[in-house]
Number of protein chains: 2
Amino acid sequence: MRITLLAGGVGGARFTRGLRDHLAVHGTPDGEPAELTVVVNTGDDLWLDGLRVCPDLDTVMYTLGGAVHEGQGWGRADETRRVSAELHAYGLGWDWFTLGDLDIATHVARTELLRRGIPLGAVTERLCARWEPGARLLPMSDQPVETHVELVGGRVVHFEEWWVRHRAAVPARRFLQVGVEDAVPGPGVLEALHDADVVLLPPSNPVVSIGTILGVPGIRDALAATAAPVVGVSPIVGGSPVRGMADACLTAIGVETSAAAVGAHYGARRAAEGGEGLDVAGSGLLDGWLVDVADAGAVPALERLGLRARAVPLLMGDDAGPDGRTATGAIVDAALGLAGVPA
Amino acid sequence: MRITLLAGGVGGARFTRGLRDHLAVHGTPDGEPAELTVVVNTGDDLWLDGLRVCPDLDTVMYTLGGAVHEGQGWGRADETRRVSAELHAYGLGWDWFTLGDLDIATHVARTELLRRGIPLGAVTERLCARWEPGARLLPMSDQPVETHVELVGGRVVHFEEWWVRHRAAVPARRFLQVGVEDAVPGPGVLEALHDADVVLLPPSNPVVSIGTILGVPGIRDALAATAAPVVGVSPIVGGSPVRGMADACLTAIGVETSAAAVGAHYGARRAAEGGEGLDVAGSGLLDGWLVDVADAGAVPALERLGLRARAVPLLMGDDAGPDGRTATGAIVDAALGLAGVPA
């Protein structure tokens, strides 16, 4: 069974790991081996002291590779900061964005391979060969597309500066995808959407993670056109992001921070039977939308939009429960159920 | 008093440190502050995993900055190797050339500054601002000039591969200065030779350190033309290099491994009074040549070549002796004495 995911960092990484592990233990609905492809946001990528840093690719790679710092959700476990301290002593680096030594090695390796002329997708494949992530990681594009943020007041900063330095507390007016006009989907991305048996949108940021991926010319159309069912998992629970600052992003694009509004923002692919039919945003990407039990009240309205909707506990977890399933595994089963491929 | 030195790595770095510290304690012969300028060999420089590594510049910088690993003579004290281990895990790096984490930070910083378009000399000045070396470090050239070694058999390798990987045990046929035709002396280099009160050649490798510096068009002529006395310290004691594998380098260029032969190789600037007058190699760079007491027997022959020669203990050391001078300080006094500016 071919499952394709569009993912940002921590949320997408943890969901994909839970999916991989759940299917490895309990099998796929069709009994075929799970072939997982993760199309990863690269809009957060940046140059730091001459090194190419790809935060989301690394978070997914480290998480699936068993090397992530579980406590913070990104970066490497058992990290040290000797190189960064030296760079600061030389008057370089940014004090609000400090890289660990093990992580820096990944950036040195990536930068070296990129400078040899190897495209980012092939570089990612080479880096992943070490980690055996059990999924294919595809950058959304081999071309650099950097998300910049226009702040209220007019100043424009790199997404990471807004996100990490300002903790998204400075109101954003809009998000710019610098370089997106010249970007094409990375090798394999459109095929992964076209050939999928199921497409899943993990609980990643709908604006600056999944939204950024969808901004690459061709990807939104491929998602809209795929024959596979498309099911998303809400990153908003009870009016707040489960993690991160998606609320600040949603506010900037005029979408309410609620599971229902985000589902409507993605939109339904098909008209509701005998219903209103048209989704609010007119984007029409989803067949199913999974919300948390706290948002069960939104299910009828979502169904009126044409979405198959269901409310289940969305707090992810990797410990097996009484039925042998992890919390993330239960979410996966519910998502596959909404997709029409029940376990 | 302006003192200019031409230096390679460990020998040049330790001599310069001893010189600086000796003059700081005992004063200069003319009572003026010591202004030290070190013209440093960059022929050993190399790209490693996309990082620009300058072994001799770093050895001099770390040594004068009090950060060197004293035991090995190069690299940083209190070093770790986490980044290199990661790079090896990604299938990068060279197993015979492993960089420490603190050292890698210097290379990341240098590479970033070079990629911003800042020339190596200005980059070096910026890196040194942190270390306060008490001397001006000038790369011999801002242009890359890399020493390659043609081995017996015809294969050509980077100097560091021959030196570090093969421990110079594979016979060399000749040394190539790749890029030297397009190189010009670094900013300040010719002025430092022209304006010096004394020029000293520390006990650095006469072939691949000082010889490489002299290969940059214009530097040899500036040294030959300076009004300052030029005095060298033999790196060969009793027929062997004090440190390193200068013997393999000398053999490759057909010079015997002896203090007398190296002195003759540099050559005398002036004819001996009533003597034979011409130096063997015809290069004519030295006024004085300091040899070890083990080589005292060579002094008359060196004098017949037109060199002021003297034999003193050449084993460097930084502990003060009964007369308050360090072993290196005593060598410095002897060198300045040969230069005609006795302490």
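Let's start with a sheet in chain A: three strands form an open sheet in the order β7-β6-β8, with antiparallel pairing. Strands here are DSSP runs (E, at least two residues), helices are runs of H or I with at least four residues, and both are numbered from the N terminus. Two strands pair if DSSP finds at least two bridges between them. In general, strands of a sheet pair through backbone hydrogen bonds, either parallel or antiparallel. The edge strands of chain A are β7 (156-158) and β8 (172-178), each pairing on one side only. On average, neighbouring strands of this sheet are turned by 30° against each other, direction ignored. Strand β6 (residues 146-151) of chain A meets β7(A) in the antiparallel sense over three bridges, and A:Val149 stands opposite A:Val157 in β7(A).

Before we go on, a word on the model and its numbering. This is a predicted model, in which local features need pLDDT of at least 70 and side-chain atom pairs count only at pLDDT 80 or more, while totals for chains, interfaces and linings use all residues; side-chain values use heavy atoms, with hydrogens and water left out. Residues are numbered from 1 along each chain as its sequence is written, and chains are lettered from A and ligands numbered from 1 in the order in which they are written.

Now to the aromatic rings. A:Trp163 is buried at 18%.

Which helix is largely enclosed by the rest of the structure? Helix α2 (residues 55-64) of chain A is, because ten of its ten residues are buried. Among them is A:Tyr62. The charged end of A:Arg76 sits over the ring of A:Tyr62, 5.5 Å from its centre (CZ of Arg or NZ of Lys within 6 Å of the ring centre and within 35 degrees of the ring normal). In chain B, B:Arg76 lies over the face of B:Tyr62, at 5.4 Å from the ring centre.

Key. Buried < 20%, exposed > 50% of the residue type's maximum accessible area, 1.4 Å probe, protein only. Axes fitted to C-alpha atoms, helices over the stretch in contact; angles between N-to-C directions.
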